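The questions below concern a predicted model. Each answer works through the reasoning before it gives the name or value asked for.

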Amino acid sequence: MPRLTALLLALATLVSAGSAAAYAPERSVRPAPREAVPAFTPRTVTVPVYYRAEIRPMPRPAAATPAPAAAPSNAMRDVARASRLAVGRSLRPSGRPGEARVQPASAMRVVPQRPGGISGGGKVGAICGDRAIQGRAVAPIQGRVRGCGVDRPVAVTAVDGVRLSQAAVMDCGTAKALKSWVRRGLKPEVGRLGGGVDRLQVAAHYVCRTRNHKPGARISEHGRGRAIDISAIVLKNGARITVEQGWKRRAEGRLLRRVHKAACGPFGTVLGPEADRHHRDHFHFDTARHRGGAYCR
């Protein structure tokens, strides 16, 4: 009996516990409340600084300054000039045999040739085998156009003790004719006037051009080294007798006419102020030979 009573009490206890569990389902599945989360409090955070290398472009090398071009030497200029002349001559059509006429003056360049610009030559002294002719030999001159040039030119500075105002380029035949005129014509006619003849004023000598610069005319004797132009006679006392002014005066005019006439013979052509307008201020002497003898005007 007591055992049955104990069993019933145990069973009653289990039934009571089951009933209580059935009436409190939410308590069994409700999650446990979370703990309170503390409020957020901002704080200062120190971030470590990392050093980084600064990338800079490499400087460009300085541009090399070109060295100044060296000035061309005289030899280089001579070679360049010779090359240009050679090309010009190679492209120029050859003329017919015996042809003496040239292109019009407008088609060719006329440049006077002076001793200072001619290569070659030596010291001033006796030339052309005559002690009375002073000067120096110069290199052969090749003309710019057909008919010009001198094979054996000389630069004459004095003849028979009379100086020239500038070294005149000519051939030896013309130099000897000039000496003959000075010795036998000029000096005797002037005599002791003003102390005698000191020098001659040279207006022109070698130059490659046509006669009187006329287009299509024949080559002047100046272009062959056979001519010289005299514009004045200078005396030892400094007086000047010019062809242009003295020809119009009485005393000087007579002297100049005698000097002009004395040149006929040594020279083949003698022209003065009465020849034409191209010679009103100088004497033109050249050694060209004419069939009828010397041509003097």
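Q: Which side chain of opposite charge is nearest to Asp229, and how far away is it?
A: Asp229 is found in strand 8 and is buried, yet it has no salt bridge. A salt bridge would require a side-chain nitrogen of Lys or Arg within 4 Å of a carboxyl oxygen. The nearest side chain of opposite charge is that of Arg209, at 4.6 Å.

Q: With which side chain does the side chain of Asp229 make a polar contact of 3.4 Å?
A: The residues that Asp229 touches, leaving aside those up to four places away in sequence, include His222, His282 and Phe283. The side chain of His222 makes a polar contact with that of Asp229 at 3.2 Å. The polar contact of 3.4 Å joins the side chain of Asp229 to that of His282.

Q: How many residues apart in sequence are the parts that the pair of Trp247 and Phe283 ties together?
A: A search of the whole structure finds four aromatic pairs. Among them, Trp247 and Phe283 form an edge-to-face pair, with 6.0 Å between centres and 75° between the planes. Because Trp247 lies in the loop between helix 5 and helix 6 whereas Phe283 lies in strand 11, the pair ties together parts whose separation in sequence is 36 residues.

Notes
Residues are numbered from 1 along each chain as its sequence is written. This is a predicted model: local features need pLDDT of at least 70, side-chain atom pairs count only at pLDDT 80 or more; totals for chains, interfaces and linings use all residues. Side-chain values use heavy atoms; hydrogens and water are left out. Helices (H or I, at least four residues) and strands (E, at least two) are DSSP runs, numbered from the N terminus. Buried means under 20% relative accessible area, exposed over 50%, partly exposed in between (1.4 Å probe, protein chains only). Lys and Arg count as positive and Asp and Glu as negative; His and the chain ends are not counted. A polar contact is a pair of N or O atoms within 3.5 Å; within protein, one must be able to donate a hydrogen and the other to accept it, and residues adjacent in sequence count only if both atoms are side-chain atoms. Contact means heavy atoms within 4.5 Å. Rings of Phe, Tyr and Trp (its six-membered ring) pair if their centres lie within 6.5 Å; planes under 30 degrees apart count as stacked, over 60 as edge-to-face and the rest as tilted.
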